[in-house]
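Welcome! Take a moment to look over the sequence and the fold, then read on for a short tour of strands and sulfur links.

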Amino acid sequence: MLCGTPGFLRASVAPAAALAAALAAALFSSLAHCSLLEPRDPVTSVLSPYFGTKTRYEDVNPRLLSDPEAPRRDPELLEGTCTPVQLVALIRHGTRYPTAKQISKLRQLHGLLQARGPADGRPGSAGSRGPGAALTDWPLWYADWMDGQLVEKGRQDMRQLALRLASLFPALFTRENYGRLRLVTSSKHRCMDSGAAFLQGLWQHYYPGLSPPDVADMECGPPRVNDKLMRFFDHCEKFLTEVERNATALYHVEAFKTGPEMQNTLKKVAATLEVPVNDLNADLIQVAFFTCSFDLAIRGVKSPWCDVFDIDDAKVLEYLNDLKQYWKRSYGYTINSRSSCTLFQDIFQHLDKAVEQQQRSQPVSSPVILQFGHAETLLPLLSLMGYFKDKEPLTAYNYKKQMHRKFRSGHIVPYASNLIFVLYHCENAKTPKEEFQVQMLLNEKVLPLAHSQETVSLYEDMKNHYKDILQNCQTNEECKLTKVNSTSDEL
């Protein structure tokens, strides 16, 4: 969507809309008051680095716990005679509710706890009140309708990200450029709502103290849905057949579930919850672990679910989650990353157009491009570019060897994670080639280039490095099914 000029300051607001806005503000205020975090809580701080793709953004950027709206300028960002002329951002949606599938598993686990009966008959239970008993009384407040929807905290993630980026790149996020914003989103509501919340954050930046109108009233409407870009994996038949629907594609995930590390965690958790170990499995244990993260991220509370696990359990469960992301979305199979070629090429088409317009002394038509997607959007793209690749693949059998791995999904794609390309025009360039340079940021920190480890690249050099992807990676060909299933020999 290319936003039209917004009708910023309307003379009046319909009474019903004003009442709705007031009620929404009161509800948000109440939720914010009830969700006060204890950021220095020792158990929470110990478990938080291991929540994988369910990690809070502020756990990757701890400075945000004290001031979530203040931008931090990375000292490696270009300045001086190099001026940013375009920003292309891929943004994962903000904090969300668990999915209906996860909620169903949590109900199953909660039912096991309630079926234990009174504690008096269990050894060593006299007068004790362990995590199992506490969880029996802990309200199960998740409902099926939530099913992955964006929560208020997720909207806050987006509004605050907008404020920080607008302050970090004031030359791009000007009021004049607001009307030229280009927004694209996945069709999932959590992504569409994230885009709308980001726009509201920009309104707050331009008009502090004024309540933002509905996105429709900004004369922009919702971001434009484009699933072929933001959910490319759903449109790649080779990926769907050889990975998504292939029962053996996640062999290492299933093997790790029955391996010694996971079985040890299973026994420990069964003892802690005082339920038969045969009633539990790796999936139920993982959803219990994620519930600790959901309660923290959504409600700002440390629930009794967090008391079930220690740091060794957390590391095992993080590895289980990383195995899934690795084999389904990253280096496990070549098609995982090659399916994202269309998105990668789209980014460089925007950058190419901006360079061409600058060379013709024309204003850049789309100075800011914002694309809202998923962890499953970002991970394949980062893998395509060669980031976070370990020397050896992650497998079910090298857990200890991978303790210091690069591929840790929670540190790469937490909620609200963002990958940003910034194109600069450098006035004092000695050669035409040096006139345009590019930097990348991951979660607001400059990301060294995978091929050189430098923090900035000449634009032409970056294009040359990724020449094969830009010129030879054709989605129709990459995603075409072959007669022989090739997943078994990808690595």
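Is C82 buried or exposed? With a relative accessibility of 12%, C82 counts as buried, because the cut-off for that is under 20%. Keep in mind as you explore that this is a predicted model.

C82 is bonded to C426 in a disulfide, with 2.1 Å between their sulfur atoms. This link spans distant parts of the chain: C82 sits in strand β1 (residues 82-92) and C426 in strand β5 (residues 418-426), 344 residues apart. The bond is right-handed, with 110 degrees about S-S. C426 is buried too, at a relative accessible area of 4%.

## Other disulfides

A search of the whole structure turns up four disulfides. One of them joins C236 to C479, S to S 2.1 Å, and is left-handed at -105 degrees. Both of these cysteines, C236 and C479, are buried.

C292 and C306 form another disulfide. Its torsion is about 100 degrees, so this link is right-handed. C292 lies in helix α13 (residues 282-299) and C306 in the loop between α13 and α14 (311-329), so the bond ties together parts 14 residues apart in sequence. C292 is buried at 2% relative accessibility, and C306 at 1%.

## Strands side by side

Now turn to strand β2 (residues 182-185), which runs parallel to strand β4 (residues 368-373) and is joined to β4 by four bridges. Here L183 has L370 of β4 as its bridge partner.

β2 also runs parallel to strand β3 (residues 224-225), with two bridges between them. Across from T185 you will find V225 in β3.

Technical notes:
Residues are numbered from 1 along each chain as its sequence is written. This is a predicted model: local features need pLDDT of at least 70, side-chain atom pairs count only at pLDDT 80 or more; totals for chains, interfaces and linings use all residues. Side-chain values use heavy atoms; hydrogens and water are left out. Two strands pair if DSSP finds at least two bridges between them. A disulfide is a pair of cysteine sulfur atoms within 2.5 Å. Buried means under 20% relative accessible area, exposed over 50%, partly exposed in between (1.4 Å probe, protein chains only).
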